Amino acid sequence: LDVSSSQHLVTDTDFRNGSFRKQLSETVKSLLALKVIPIFNENDAVSTRRAPYEDSSGIFWDNDSLAGLLALELQADLLVLLSDVEGLYSGPPSDPDSKLIHTYIKEKHQGEITFGDKSRLGRGGMTAKVNAAVCAAYAGIPVVITSGYATDSIIKVLQGKRIGTLFHQDAHLWTSVKEVGAREMAVAARECSRRLQAMHSDDRRKILLDIADALEANESLIKVENEADVADAQDAGYDKSLVARLALKPGKASIYLFLDLCFTLIIILQIASLAKSVRVLAEMEEPIGQVLKRTELADGLILEKTSCPLGVLLIVFESRPDALVQIASLAIRSGNGLLLKGGKEAKRSNAILHKVITSAIPKSIGNKLIGLVASREDIPDLLKLDDVIDLVIPRGSNKLVSQIKELTKIPVLGHSDGICHVYVDKSAKVDTAKRIVLDAKIDYPAACNAMETLLVHKDLSSNGLLNTLTKELQHEGVTLYGGPRASSLLNIPEAHSFHHEYSSMACTIEIVDDVQAAIDHIHQHGSSHTDCIVTENHEVAEIFLHGVLQCCSIS
């Protein structure tokens, strides 16, 4: 690694010598000033210890206690102890019921933790690490026990990431902001949802009306927190499309599709429109207890299929705080418990919206009906709760959806990509095509149903409509990439892939021979989300609508 290092062998006797300890501190400071990394080990050749595994006498007895001792002597800012597991667990890490302890509180955990066998590596195992960590932490040195196998563990610790187990002398003072365990949160949501389900429809309707009133009453406070999130995102250099998703402002049309007993589409513009949408939902037909199907199996024996709540839902969504209001309102109307994990970029917005909404839930139901998950690190624990959580709905990247599916036995409803197409047929009117294409791309490019690929009939390259569309898009600031045919004809950069969601002011253009070629392109490169045809030919429109079976096909 091209790092200079030095080895130092020590024994118990050395640390009993005051002059040695002073020299030790000065030596380490000098070495670090020279960018030399000192490495300490026990001098086994002259050690008087009779049996390392049995004799725990002396000032230190393994590398963990030696590390703790050195941290104290050198007045270190931080001590990191690396293990072959992620950190300290409530029981043996191999036990599926054991949970990672993120913050060690001596008064709480000392009597609760069950240690398994000694580590297969090193001398003392986790017991030795905890003893060393407690000793150093309560002497004023913060300690983190984390995995030595995980990538960049030390860097993540220094960055303040929530990994491993933290030991700190003030940890007992943090119990006032006690972390709610994943199971505790999920069980509480389930219990509250059962009380919600038993309510009359009018009572659930009143909860939504109270939420709408609370949103309007707290509009100024919500805007302050939302503006703080937007400012932080801008300062952090986040992409403009992400910042656009964060903002709760007039003129923003955010469309979020959520699974209910029927699919419900809510359009959100700003706080007033959020409240209005909640009131609209409150007035919708009661979704619980609807008879969907009746079958007479025999004389006097009738089988009914009746709509009912799903149970407890875990929703992982992107940086759109307006989505939190939509999801929570739908869950309450349909009698479901809810666990929400929004994007970290919207942390303040999500927190204030969650507080406003749960404050409007009556005590007879309980404000734990809707839980707000604080950190992404909590998600793996929640995904293990297949006996409590009934459905997981992740809204994010392919990687996120795939990871969640791999980590859980809970049913997952996930749609990761929004590769949405607009196909302009040869019969399309110029003005109609211009309005639709521009609106589909520039009205809200961060939306999951924004146009990402424009497909144009080959005849339009000769009648001028293709050039008109490209010039209009470029005039609005849209960056254009082309497929093999379009990039050559229009002299624009070639797209590296047709299967790409820009979520910004950019899109791909390609020329196709006819409607069937457009359908084939969409089947090969699309994501079955939203696709559109612009045509004046009814027959061509029907071919497109029957050929492209997406969740939303428009003609």
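Ala495 is found in the loop that runs between α19 (484-490) and β18 (506-512), where helices (H or I, at least four residues) and strands (E, at least two) are DSSP runs numbered from the N terminus. The model is predicted, and local features need pLDDT of at least 70, side-chain atom pairs count only at pLDDT 80 or more, while totals for chains, interfaces and linings use all residues. Residues are numbered from 1 along each chain as its sequence is written, and side-chain values use heavy atoms, with hydrogens and water left out.

With a relative accessible area of 17%, Ala495 is buried; the term buried stands for under 20% relative accessible area, exposed for over 50%, and partly exposed for values in between (1.4 Å probe, protein chains only). Leaving out residues up to four places away in sequence, Ala495 touches Tyr481, Gly482, Tyr502 and Thr508, a contact being heavy atoms within 4.5 Å. The C-alpha atom of Ala495 is separated by 6.0 Å from that of Gly483, 12 residues apart along the chain. The loop between α19 and β18 also holds Asn491. This residue has a positive phi of about 60° although it is not a glycine, and Asn491 is exposed at 73% relative accessibility. Another non-glycine residue with a positive phi, near 60°, is Asp152. Asp152 sits in the loop between β5 (143-147) and α6 (153-158) and is partly exposed, at 44% relative accessibility.

A look at Lys441 takes us to helix α16 (residues 430-442). At 0% relative accessibility, Lys441 counts as buried.

In soluble globular proteins, nonpolar side chains tend to be buried together. Here, the largest nonpolar core has 41 residues, and those with the most contacts inside it are Ile211, Leu215, Ile332, Leu338 and Ile370. A nonpolar core is a set of buried Ala, Val, Leu, Ile, Met, Phe, Trp, Tyr and Cys residues joined through side-chain atoms within 4.5 Å. Among the elements that each supply at least two residues of this core are α7 (182-197), α8 (201-217), α12 (321-333) and β12 (337-341). The largest share, 8 residues, comes from α12. Not counting residues up to four places away in sequence, Leu215 touches Ile222, Ile271, Leu274, Ala275, Val278, Val325, Leu353 and Val356. Apart from this core lies another, of 24 residues, among them Val424, Leu438, Ile511 and Cys532.

Turning to the whole protein chain, there are 21 helices and 20 strands. Of its 555 residues, 47% count as buried. Among contacts with a separation of 6 or more, 69% are accounted for by residues 24 or more positions apart. Leu1, in the segment before β1 (4-10), is exposed, with a relative accessible area of 100%.
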